[in-house]
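Student: I would like to learn how to read the contacts in a model such as this one. Could we go through it together, a feature at a time?

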Amino acid sequence: MTPRTTDWWRHAAIYQVYPRSFADGNGDGIGDLTGVRNRLDYLKELGIEAIWFSPWYLTPMADAGYDVTDFRQIDPRFGTLADADALIGEAHERGIRIIVDVIPNHVSHEHEWFLKALAATHGSPERDLFWFRDGRGENGELPPNEWQSIFGGPAWTRLPDGQWYLHLFAPEQPDLNWRNPLVHSEYEDILRFWFDRGVDGIRVDSAAMCGKDPELPDFDHSGLPDPHPYVDLDINHDIYRGWRAVADSYPDPRALIGEVWLADPARFARYLRADELHAAFNFDFLGCAWDASALRTVIDQTLSVHATVAAPSTWVLSNHDVTRHVTRYGRPDTSTAAGIRQYNPIVDEDLGRRRARAAALLTLSLPGAVYIYQGEELGLPEVEDIPADRRDDPIYHRTGGKDPGRDGCRVPLPWSGTKAPYGFGPDDAARPWLPQPAAWAGLSVAAQEPDPASMLNLYRAALALRAERQDLGDGPIQWLPAPEGVLAYRRGTDFTCLVNLSGTPVALPGDHAVLLASHPLDGNQLPNDTSVWLRTV
Ligand code: GLC
């Protein structure tokens, strides 16, 4: 059994596995649970403490598994429930905790509930689990309102019987009606299903969007109305209070981690009150420009907002929904690092990778928990040139390619070898579900392992130090005086981190020993776009 401390989520380094693209165990070109089991020692050696799995449930894959047919079954492409049980056990044996993704806003259009709702009549209890409405116009030919899908196009689809149903994402993802108590009891049961199997935490998908104003009022999509008809409704808090009670009913409390995209930090913090979610992803930090004063502002704001509810901060640079940060940081105009998904006509990848190394030492030494998206530890860039006919993301297709979508950050990982599929599966003949670039040979795990200067070895060294030092992770931070463009802070009594974004080298303090640097130092000078961890001597 994993030794559990009650508050692991406050300080853990958590690795996000996107199962489709991590490792392929059966040679069909799609990552799976056997692939992950085969690579658990890699993750152990990397030094992470928990794995968050993007959805692994039965799904038609209209949105890469975020469209769930049955939360109690594993998709056959990924394996079986027995594989999941084995994986959870083998991870625990290695002291690695498991977080699974639960999606409360919607299910798949193939979910039993939706199929029953389609077969039922207008106004039936089956339809009340979703948002079915008559249309406007003389013959109901216009959608009930003008809400737009987050993936592009209208948020309503009409059925042959004339009614429309709401989907804030793809039409294959009908939104649930959280005003119906059955929805609450079903999800609490799903949570128990996974907690009973030993899962340690839940990542809550689109956590601030579940509640809808039942009047379904129209609003101006160019701004953010207040109140909003489906973002941040008070009913959301009832949902998570119920979930927290389930989590706390276990002898070792399980953690709930929310995907909460909200502009207002005070509203964000309400999700982290003592009887709601344990933590939430920090998207302000993820979207911040590579600029010292912008970063300082976001860090300070993050810490003070979390302090109001005594919740741990989280630090995230990348995930499966945004352009990989090597590419974001490689844009010549650093302020555009904030543009989390856009085409990147000019990217200086070496510069991006150098900044990504500096950013790693920054995030890994800030107070709280840290999330590492698979491939980040290899310094993978966004893959920009995926042919249109290989693209899978509904965002790309529903926006007619105006939004590049998320395929570029979901390309299967390179493990070994000099050409695709880079050891992704057992069989080099299998074609991975997305093409891997020819330039990735030098980025594979096998290529990076023997190179002391590789990104992989930087992450390993940083995570090992983080695990060793009790003063990293959760706890206080003290800012130190520093030249303009330099972030400098103390953790504990003798740990200092300096991040130089000033554009010019700066001198290191004299009374310190270097623990780790993101780039070779120049004597006692800290070069630009470099971070260093120091110990006071
Ligand atoms: C979240 C997920 C994203 C998914 C969406 C709809 O934002 O991270 O990948 O497409 O929710 O479930």
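This is a predicted model: local features need pLDDT of at least 70, side-chain atom pairs count only at pLDDT 80 or more; totals for chains, interfaces and linings use all residues.

Student: Which residue ranges make up the domains?

Tutor: The protein is divided into domain 1, which comprises 8-107 + 181-455, domain 2, which covers 108-175, and domain 3, which covers 477-536. Domain 1 and domain 2 have C-alpha centres that lie 28 Å apart, and their contact takes 29 residues from domain 1 and 31 residues from domain 2.

Student: How much area do domain 1 and domain 2 bury between them?

Tutor: The size of an interface is often given as the accessible area lost when the parts come together. For domain 1 and domain 2 this comes to about 2,500 Å², with 66% of it on carbon and sulfur atoms. On the domain 1 side, Val 107, Leu 216 and Arg 398 lose the most area to domain 2, and together they account for 28% of what that side buries. As for polar contacts, 12 residue pairs are found across the interface of domain 1 and domain 2, with both residues at pLDDT 80 or more.

Student: Which residues are closest to the ligand?

Tutor: The ligand is surrounded by 14 residues, of which Asp 63, Asp 205, Glu 259, His 320 and Asp 321 are the closest. The shell divides into 3 nonpolar, 4 polar and 7 charged residues, and both domain 1 and domain 2 contribute at least three residues to it.

Student: Which distances describe the polar side-chain atoms facing the ligand's oxygen atoms?

Tutor: A polar side-chain atom of Asp 321 lies 2.5 Å from an oxygen atom of the ligand, while for Asp 205 the corresponding distance is 2.9 Å and for Arg 203 it is 3.0 Å. Taken alone, the ligand exposes 310 Å², and the protein buries 96% of that.

How values were computed. Residues are numbered from 1 along each chain as its sequence is written. Side-chain values use heavy atoms; hydrogens and water are left out. A residue is near a molecule or strand if one of its heavy atoms lies within 4 Å of it. A polar contact is a pair of N or O atoms within 3.5 Å; within protein, one must be able to donate a hydrogen and the other to accept it, and residues adjacent in sequence count only if both atoms are side-chain atoms. Accessible areas come from the Shrake-Rupley method with a 1.4 Å probe; for residues, only the protein chains shown count as cover. Ala, Val, Leu, Ile, Met, Phe, Trp, Tyr, Cys and Pro count as nonpolar, Asp, Glu, Lys and Arg as charged, and the others, Gly among them, as polar. Domain bounds come from an automatic or database domain assignment. Contact means heavy atoms within 4.5 Å. Buried area is the accessible area (1.4 Å probe) that two parts lose on being put together, summed over both.
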